[in-house]
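Hi,

Here is the structure I promised to pass on. Have a look first, and then read my notes below.

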Amino acid sequence: MECQECHERPATLHFTKVVNGSKTEVHVCGQCAKEKGYVSYDEEAYSLHDLLSGLFNFDSTSLTGQKNTPSHTTKQLKCEKCGMTYQEFTQVGKFGCSECYHTFSDKLDPIFRRVHSGNTTHDGKIPKRIGTNIHQKHLVKELKNKLQQLITEENFEEAAKVRDEIRSVEKDLNQDQGGEGED
Amino acid sequence: MSLEQFINEAISPWMKEEGPDSDIVMSSRIRLARNFERLPFPIIAEKEDLQEVLNLFDTEYHHRTYKNYHDLEFVRMSDLQPVEKRVLVEKHLISPHLADKSVQGGVLISKSEQVSVMVNEEDHIRVQLYFPGFQLDKALDQAFEIDDWLEDKINFAFDESKGYLTSCPTNVGTGLRASVMMHLPALALTQKINRMIPAISQLGLVVRGIYGEGSEAVGNIFQISNQVTLGRSEYDIIEDLKSVVQKLVEQERKARRLLVEQSELQLEDRIFRSYGVLERSRIIESKETAKCLSDVRLGIDVGYIDNISKTILSELMVLTQPGFLQQYAGKSLTPQERDIFRASLIRERLILEK
């Protein structure tokens, strides 16, 4: 079947238009489809990131109103390390550096929630070397839970052991961080 | 160079092995995204920052061996010809983005081609591991080992509450994308897959065709991967993916059995026609190639064809891509020339089976 617009190239796009209830079939080639505006697309394929950057834009209108708006407006938020502004971030859909996560932190949770099925907090691997403190903090948390459990079970002998363990881990932690380790 | 030699060099060694459930699961892949804490991400970093990353890989990891990954080789994208990059893309060792867009890209590849570490792609580091068949656990464990090994020398961008920080918010947290490549001809033929895809998407997993554009799955090859990277542990992510893949494997086997029982001669006819096309055609385009290869592989799996090796599908899917064809031809080819060359390569390859 030839293209109904140029009558030169074969029709590669076939679709049915329904306008006010009347149906018309359209058969055009890719080039004419673009020229005549049957379809609109950029040279670049529509990527996940285009969808995402669309996602970000809901923020300024719907959410900042409810939350306590920061003193400076969204548009002026700018990462000091890499220079990326929040507005640029919403356009590109990508962060410029690790610091951006902190700079834009007030705005990010709604985005993360949408992309990650409602989640906003990491629950996975922690780097072995640089994450030692975090490992210990997690350990303390786990041990504290265990301690509670043992106390409810009235297993005081075990509980005392766990308590000592917590103390020794916390001592390590405080030494590493110069006393800031409490959470 | 003879075709046999060419294939031996062209096909990644790990692809020649058979893994668990390899009648349906062609390969398992784990990818971890990591970044340098100190440096801006590649999309906006200065040239010097990215060169620093490249240099580190060159000095610390080039020609090293880590565990059973021997003789890692580091290559800069700028040192490769376009066709060489194309070949790496077709082998899935690098992404099209790294090949075409990255300014200071590089890749560290193990001799077995099971591990590739893309450098200065969208993130500074993307570790990828491939295993034949259905082996996500093993792949994740080894990816973690490589991750730890890299972390010895590199301070990763990591945040206690957000996890590993990545350039794109879709990767933050674990930075993990786990995926399996599956050959699902019976579910596709019976159109069952179309009904299963929406259900799978609801679990935070994505199904897509790996070859071809958009959602179309050329050669009935589907890729299933996780979408969510934040808020779930790597092991949980993999468990979800595994259970869905397991279900798909069961369903595909069931559909194959039913097809064989109910189709009488039709299925056998279809398979042998495709076999005939591959064996005899003089001009063949990539889509038809994929369809015929899928049929033949199904024919091998259900027992109609017994004189062809099982790896034929994955092997020829890679070898008949434009980059490989041109590398084998030793020159660039027009699309028409490629279709002729593709047909002759397939014919020669099938003669090797005899």
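Let me begin with a cysteine: Cys3(A) is buried, at a relative accessible area of 0% (buried is under 20%, exposed over 50% and partly exposed in between, with a 1.4 Å probe and protein chains only). Its sulfur has Cys6(A) as the closest cysteine sulfur, 3.6 Å away, which is too far for a bond; a disulfide is a pair of cysteine sulfur atoms within 2.5 Å. Cys168(B) is also buried, with a relative accessible area of 1%. For the sulfur of Cys168(B) the closest cysteine sulfur is in Cys100(A), 13 Å off and too far for a bond. Over all chains, the count is zero disulfides.

Some housekeeping: this is a predicted model, where local features need pLDDT of at least 70 and side-chain atom pairs count only at pLDDT 80 or more, while totals for chains, interfaces and linings use all residues. Side-chain values use heavy atoms, without hydrogens and water, residues are numbered from 1 along each chain as its sequence is written, and chains are lettered from A and ligands numbered from 1 in the order in which they are written.

Now to chain A as a whole. Its secondary structure comes to eight helices and two strands, in the order β-β-α-α-α-α-α-α-α-α along the sequence. These are DSSP runs, with helices being H or I of at least four residues and strands E of at least two, numbered from the N terminus. Of the 183 residues in chain A, 32% are buried.

Next, the interface. In chain A, 37 residues are in contact with 44 residues of chain B (contact means heavy atoms within 4.5 Å). The two chains bury about 3,300 Å² between them, 58% of it on carbon and sulfur atoms; this is the accessible area (1.4 Å probe) that two parts lose on being put together, summed over both. On the chain A side, His116(A), His122(A) and Lys125(A) lose the most area to chain B, together 21% of what that side buries.

Lys125(A) also forms a salt bridge with Asp147(B), with the closest N and O atoms 2.6 Å apart. Across the interface there are five salt bridges, each defined as a side-chain nitrogen of Lys or Arg within 4 Å of a carboxyl oxygen of Asp or Glu. Among the elements giving two or more residues to the chain A side are α4 (86–92) and α7 (132–152), while α2(A) gives the most, with four residues.

Happy browsing!
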